[in-house]
2 protein chains.
Amino acid sequence: MKTTISKVSNFVGQEVTIGAWLANKRSSGKIAFLQLRDGTGFIQGVVVKEEVEEDVFAKARAITQETSLWVTGTVREDDRSPFGYELAVKNIEVIHESVDYPITPKEHGVEFLMDHRHLWLRSKRQHAIMKIRNEIIRSTYQFFNDNGFVKVDPPILTGTSAEGGSELFHTKYFDDDAYLSQSGQLYLEAAAMALGRVFSFGPTFRAEKSKTKRHLIEFWMIEPEAAFVEHDESLEIQEQYVSFIVQSVLKNCKLELNTLGRDLSKLENIKAPFPRITYDEAIEILKKKGINDIEWGEDFGAPHEVAIAEEFDKPVFITHYPAKIKAFYMKPDPKRPEVVLCADLIAPEGYGEIIGGSQRIDDLELMQKRYEEHHLTGGSYEWYLDLRKYGSVPHSGFGLGLERTVAWITGAEHVRETIPFPRLLNRLYP
Amino acid sequence: MKTTISKVSNFVGQEVTIGAWLANKRSSGKIAFLQLRDGTGFIQGVVVKEEVEEDVFAKARAITQETSLWVTGTVREDDRSPFGYELAVKNIEVIHESVDYPITPKEHGVEFLMDHRHLWLRSKRQHAIMKIRNEIIRSTYQFFNDNGFVKVDPPILTGTSAEGGSELFHTKYFDDDAYLSQSGQLYLEAAAMALGRVFSFGPTFRAEKSKTKRHLIEFWMIEPEAAFVEHDESLEIQEQYVSFIVQSVLKNCKLELNTLGRDLSKLENIKAPFPRITYDEAIEILKKKGINDIEWGEDFGAPHEVAIAEEFDKPVFITHYPAKIKAFYMKPDPKRPEVVLCADLIAPEGYGEIIGGSQRIDDLELMQKRYEEHHLTGGSYEWYLDLRKYGSVPHSGFGLGLERTVAWITGAEHVRETIPFPRLLNRLYP
Ligand SMILES: [Mg+2]
Ligand SMILES: [Mg+2]
């Protein structure tokens, strides 16, 4: 019976054949332990000299790292392994011999591993991170589908950008000029007026000369937007969503979290509701902690966010930022117009901001004023004003950065490990 | 009780309040029929003069198209409407009045509608198409998640492209040059060697000067890739997948299909297995139909594909194309090396090719030969050879174009209606 490692629990005591690669090996004169991987998982194959044909044991001792094989054997329960099963190998058929595989069990430098990212993905740690990334993606769709959000794909190629100019990638679009989108939000607002609750999930591009452990040039973002939803309800959706993905990973990726040595207690605690503090309170917290390099009206840097997050064991919402340091479309607090109805969600354990969101301006006159202030009038975003002309409604939305969220949940030090083929300041290969 | 139109079936006989827009209106001196939409659906609100406060009836008669409202009323079953429910309106609160909404119930030209795409999406027909697109996306994730495929996001920005040069969008990547990806396949092959079965689902870019009803400059593609899967098994995955999405739409989007007037019998028939013919047989079919403008060795154009599809009432696989008209990485048929182990899947009813796929070359020497033939040696795809050096295995994959599939399932004449904000040769706005 051909099967995969992920399904061996269905075949205890039975003989199965698995297409696999040799991840690692230990052997003596009498026994060989083969660490096998097939993409769905890792399992130990045990080859006992006395129990197999002579050439099978010889093959087991000779096969090299990353050689591809058909392995036939009997599935056994094995309490000592975290996986719970092993394979009593009876036969080995080499598909293709791997000679001098570059990534050996010894230590390699990061640049070397990044140059070999197409192979590095095969390692147990990278495999675990990619499986958790997949579970975050899967549970994201489940959450938004179950809550009546419609997937909407805003365009990547746009005529111009309403936010930031220097950080845009430019391309010729036949005789026109186009830019790679940094956010689909404005389009999603239009879609929310048509479909009620919508979300996008796609790649985003920032030509930012940042070289930090939290920045990628190309990253994936989830951007939900909902009509008739005001600021407070939006925060509830956000905390429900983040709780849901964390609990889904805990439930469905136990093995991978263990592979990564992640502290599960830290994740188990991530359940809605999340604490909420205002920007003003955040400034107070920083002052109390002796951090004085920030004044009311200035934006937080990563160190400020980390210092604030230290005070909480769940993600924390920082709300009501000064209007002048936030995006032009955010709705002023009616009770205090110098701040806006917005929130950043800061992950615990130093992983920084994972969500930015706000209620949007729904008043045409105010939006026209913002257009003048930001020199947007007459440009590629004239259509966006129409959303305030024709049946404007209160609405809110937010954006979650996938890779920062993967980094937090997996405990990865650097976002470069959280995406299959990272694009960094100095890296466009492989 | 605040609710949405999608949930009124839970509130029959009860009073609810819905945030909505006025899509359309008919009224006499005694009664007004309000076609209401809230993004989740459409419902008729009935305002009877004698049953409401005087100002409510006056408001109902006066409100203009696309005005946003809070509507309060009692949910009633209504057998005459395809939706099955209506609202006996008791109160109306205008949120924001819409003046001179540009898209009236009269006919508009396509360019006018495309210029107002951000508003056109609110119409019943566009709403239905977007909901079906969403269901195709949702069921795609369900299918691949349930079948052990891991979502992998290949990079959009790449150092060069192994296929086609002139159709690439170029951008400066700091001091380097980058191109927008036309396919993540090569990266997905690397990921399949790490994760077994993988799929991507993201935007794709072709700077192609085509102006047909089947071409978009920016479109979304699903690209699955599986290790240890040979050509025949790949075809089975493809037909299972396509059947699954069609049956999911039939099950979950009945109302939307009816809104579009789609012939359901044509879709009900779409169940695996699908017919399979070789390229040679396809040429024969064309000859028999009197279509003689094609010789063995030439690729099919859209008219050929349509003529072949006419012979079948399900999607049809055309397999074993001549190697020289297909991509460099496709595996030659061992029994007949002038053709490759590939298939295009042609949709019925004239919708053309929706899938292209193949088994991939797994032999290093043959791949090196192809690199020389295609001048790929020493370039940005050196890493791709490593997949044949270190534990090469048989593997196959395919790509499905989302928008063509949406066009087929919804019966849309032109792909421009199948994506929220289409990018066409002359269109980068809105
Ligand atoms: Mg921030
Ligand atoms: Mg074709």
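## The magnesium site in chain B

Along the chain, the residues that hold the magnesium ion (ligand 2) are spaced E-x38-D-x8-E. Glu305(B) sits in helix α10 (residues 302-309) of chain B and Asp344(B) in strand β17 (residues 342-347) of chain B, so this pair ties together parts that are 39 residues apart in sequence. Keep in mind that this is a predicted model.

Who does the holding? Which atoms are the protein donors of the magnesium ion (ligand 2)? They are an OE of Glu305(B), an OD of Asp344(B) and an OE of Glu353(B), lying 2.3 to 2.7 Å from the ion. Glu305(B) is buried, at 7% relative accessible area, and Asp344(B) is buried too, at 4%.

## The magnesium site in chain A

Over in chain A, the magnesium ion (ligand 1) is coordinated by Glu305(A) through OE, Asp344(A) through OD and Glu353(A) through OE, at 2.3 to 2.8 Å. The sequence spacing of these donor residues reads E-x38-D-x8-E.

Asp344(A) is buried, with a relative accessible area of 3%, whereas Glu353(A) is partly exposed at 24%.

## Helix α12 of chain B

Now for a helix. Helix α12 (residues 382-389) of chain B is mostly covered, with 6 of its 8 residues buried. Those buried residues are Trp383(B), Tyr384(B), Leu385(B), Asp386(B), Leu387(B) and Arg388(B).

What covers the buried residues of α12(B)? The cover draws on both chains: it includes β6 (85-96) and α3 (117-120) from chain A, along with α5 (185-195), α11 (364-373) and β19 (395-401) from chain B. After α12(B) comes Gly391(B), which has a positive phi near 70 degrees.

Note on methods. Residues are numbered from 1 along each chain as its sequence is written. Chains are lettered from A and ligands numbered from 1 in the order in which they are written. This is a predicted model: local features need pLDDT of at least 70, side-chain atom pairs count only at pLDDT 80 or more; totals for chains, interfaces and linings use all residues. Side-chain values use heavy atoms; hydrogens and water are left out. Donors are N, O and S atoms within 2.8 Å of the metal (3.2 Å for Na, K and Ca); water is not among the atoms, so sites may look incomplete. Helices (H or I, at least four residues) and strands (E, at least two) are DSSP runs, numbered from the N terminus. Buried means under 20% relative accessible area, exposed over 50%, partly exposed in between (1.4 Å probe, protein chains only). Contact means heavy atoms within 4.5 Å.
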